[in-house]
Structure formats: structure tokens, C-alpha cells
Amino acid sequence: MGDRKFFVGGNWKMNGDKKSIDEIIKFLKEEPLDPAAEVVVAPPAPYIDYVSQKLSSKAAVAAQNCYKEASGAFTGEVSPGMIKDCGGTWVILGHSERRHVFGESNQLIGEKVKFALNAGLNLIPCVGEKLEEREAGNTEAVVFEQMKAIADNTSDWKRVVIAYEPVWAIGTGRTATPEQAQEVHKAIRNWLAKNVSESVAKSTRIIYGGSVKGSNAKELAGKADVDGFLVGGASLTRDFVAIILKQLSGTPKTVVPPDVDIKIADRDTWSYMEQS
Ligand SMILES: O=C(CO)COP(=O)(O)O
């Protein structure tokens with residue numbers, strides 16, 4: 001992966017409260033995180049300020065979404081300026097749940113990319129195909145169209161980390177194989193070389209998301225074009241640290257970490273590594 005710094009994002013989605021967030025902050029602060037990895041966590045919007053203040057320099061903080069205006073009559077939305085005011089420096093855009101639960105289009109995501117970059121945030125735009133699109137042989141067509149909407153609105157690639165998250169692998173326990181991930185990551189990098197520039201293709205980090213755990217992170221990270229991860233469920237547990245360190249191996253156990261109590265419907269599908 002050359003000189004692309006390994007990047008691990010934790011997308012907490014709509015989970016947690018101050019009590020459980022305190023537990024996550026505790027283990028993030030206790031553990032010696034790998035200095036070779038850039039770590040970003042994305043709490044729900046009401047907790048951005050709380051997490052930013054508590055984590056200080058241990059990890060950067062991202063929002064999970066934002067709108068494409070600075071302020072105004074947009075009930076329920078948050079602006080990049082508000083995220084920055086609360087200590088956030090990153091934003092995830094175009095996550096598959098935004099696309100498929102809330103109906104966000106490539107066009108809207110492109111507009112958000114442009115606005116958030118201009119407002120000074122760092123971005124994690126997400127791309128990824130649904131199962132039926134993969135089975136119909138359309139993975140590249142779908143991902144490239146999503147990439148085009150992002151690239152057409154990107155002025156500064158140094159502040160962009162692309163997340164490839166196949167929809168069928170998100171929250172399902174069905175991780176893409178390292179070969180499947182590598183194939184799409186390489187295709188995205190080639191697309192960047194052809195449509196943006198060789199140097200952007202070489203320097204832009206492309207991270208994988210979809211049922212990443214401590215037990216599969218090392219193998220995935222071993223692939224040439226996998227520059228890190230966007231972790232969902234496992235980012236709420238100590239397994240997130242194992243993913244950052246990428247060095248735990250052994251038999252995964254389905255156990256709930258002792259000091260983290262987070263109620264999430266599909267928690268049982270995750271495997272956790274027992275910490276030594
Ligand atoms: O959507 C994801 C991260 O943004 C992935 O979620 P899971 O790791 O829970 O599959």
C-alpha cells in the first residue's frame with residue numbers, strides 16, 4: 001500500500017448512550033493504538049461534542065452525515081460548520097444506509113461532498129453494490145457511477161478516504177473475501193487513475209467496510225489495495241482495537257465484551273476476540 005497511512009474508522013451508527021460511550025472511550029484511551037494507523041470514530045450527531053472533548057487527541061471524530069447548506073430551514077439536518085464547532089473534523093457521506101434506507105441519490109451525495117469539502121471537513125464517501133447488482137454482474141458499473149458523483153465534486157483528494165462497503169456484507173456477518181475486496185478496491189484505484197489522475201489513484205486510501213472483525217482484519221489488510229477499514233458493529237467493542245492492531249489471531253468467540261453493554265439487534269452475529 002506504499003505510503004498510504006492505514007486508516008480505521010468506527011461507524012457507531014444509531015447506537016449508544018453516554019454510559020456505553022464512556023466505556024468505548026475508556027478502552028480507546030487505555031489501549032496503545034497503533035501509531036501507524038489513523039483512527040476516526042463516528043458517534044451519532046448528538047454525541048459529537050461529548051466524544052470530541054473526551055477523546056482529545058486519541059482519535060479524530062466524524063459525523064455520520066451532513067447537509068449541503070450552512071444553515072437555514074432544514075429541520076433535522078446538521079451542517080459541516082456545526083460538526084466542526086463540536087470538534088468533528090470528518091464526515092461519512094453516502095453510507096449505504098443513507099442511500100437505501102433514506103433514499104439519498106448520487107446527485108445529492110455529490111452535492112454534499114462538494115459542500116463539506118469546501119467547508120473544510122475531511123470526507124469518507126462510501127460506495128458499494130447490493131447483492132442483486134453483484135449477482136447481475138453490475139458491481140463495477142454501480143460503484144463507478146457512485147465514484148463519478150463523488151469525483152465530479154471533489155476538489156481536494158488529500159482530504160478524501162473512499163470506503164468500499166458492499167451492501168450485502170454490512171451487518172450480515174458475511175464479510176467479503178479478501179480477494180473480493182481486493183478486486184473492487186483495485187478496480188476503484190484503476191478508475192481513479194483513468195478518470196482523475198495517477199497520483200490521486202496512488203495516494204488515495206480505499207478502505208473496506210462490511211462485517212470487519214478482529215479475526216478477519218489481518219487477512220483483509222494484507223491485500224495490496226485495502227488501506228484500512230470502516231467498521232460498524234465491532235467498533236462498539238474492544239474488538240475495534242484488535243482491528244486497529246491487526247494482530248490478533250485464533251478462534252473467534254461469540255461473547256459480549258465484559259464492560260460494554262450495547263443493545264443492538266444483530267450483536268449476536270458478531271464475533272469477538274478474547275483479549276489476552
Ligand atoms: O456499515 C458499516 C460501516 O460503515 C459496516 O457495518 P458492520 O461492520 O456492522 O457490518
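Which exposed residues does the face of α8 turned away from its buried side carry? They are E179 and K194. The structure is a predicted model, and its chain holds 11 helices and eight strands.

**The chain as a whole**

- The chain has 276 residues, and 43% of them count as buried.
- Among contacts with a separation of 6 or more, 71% are between residues 24 or more positions apart.
- The largest nonpolar core has 68 residues.
- Within this core, the residues that touch the most other members are A62, V91, L123, I124, Y208, F229 and I243.
- In soluble globular proteins, nonpolar side chains tend to be buried together.
- Leaving out residues up to four places away in sequence, I124 touches G9, A62, W90, I92, V161, A163 and L230.

**Helix α8**

- Helix α8 covers residues 178-195, which makes 18 residues.
- At 1.5 Å a residue, α8 should span 26 Å, and this agrees with the 25 Å between its end C-alpha atoms.
- The buried residues of α8 are A181, V184, H185, I188 and L192.
- Seen down the helix axis, the buried residues of α8 fall within an arc of 100°, so they line one face of the helix.
- On the face turned away from the buried side sit the exposed residues E179 and K194.

**Helix α1**

- Helix α1 has 13 residues and should span 18 Å at 1.5 Å a residue; its end C-alpha atoms are 18 Å apart, which agrees.
- I21, I24, I25 and L28 are the buried residues of α1.
- Viewed along the axis of α1, these buried residues fall within an arc of 100°, so they line one face of the helix.
- The exposed residues K19 and E30 are on the face of α1 turned away from the buried side.
- The buried residues of α1 pack against α2.

**Helix α2**

- In helix α2 (residues 48-55), the buried residues are I48, V51 and L55.
- They cover an arc of only 70° around the axis, which puts them on the same side of α2.
- The cover over the buried residues of α2 includes the helices α1 (18-30) and α3 (80-85) and the strands β2 (37-42) and β3 (60-63).
- Just after α2 comes S56, which takes a positive phi of about 40°.

**A buried lysine**

- K246 lies in the segment after α11 (239-245).
- K246 counts as buried because 21 other C-beta atoms lie within 10 Å, and the cut-off for buried is 20 or more.
- Apart from its neighbours within four places in sequence, K246 is in contact with A217, K218 and A221.
- K246 and K186 are 60 residues apart in sequence, and their C-alpha atoms are 21 Å apart in space.

**Around the ligand**

- There are 14 residues around the ligand, and N11, G209, S211, G232 and G233 come nearest.
- By class, the shell around the ligand consists of eight polar, five nonpolar and one charged residues.

Methods: Residues numbered from 1 in each chain as written. Predicted model: local features only at pLDDT ≥ 70, side-chain atom pairs only at ≥ 80, totals over all residues. Near = placed C-beta within 6 Å. Nonpolar A, V, L, I, M, F, W, Y, C, P; charged D, E, K, R; others polar. Helix = DSSP H or I, 4+ residues; strand = E, 2+ residues; numbered from the N terminus. Expected span 1.5 Å × (residues − 1). Buried ≥ 20, exposed ≤ 12 C-beta atoms within 10 Å, placed from the backbone. Arc of directions from axis to C-beta. Core = buried A, V, L, I, M, F, W, Y, C linked by C-beta atoms within 7 Å. Contact = placed C-beta atoms within 7 Å.
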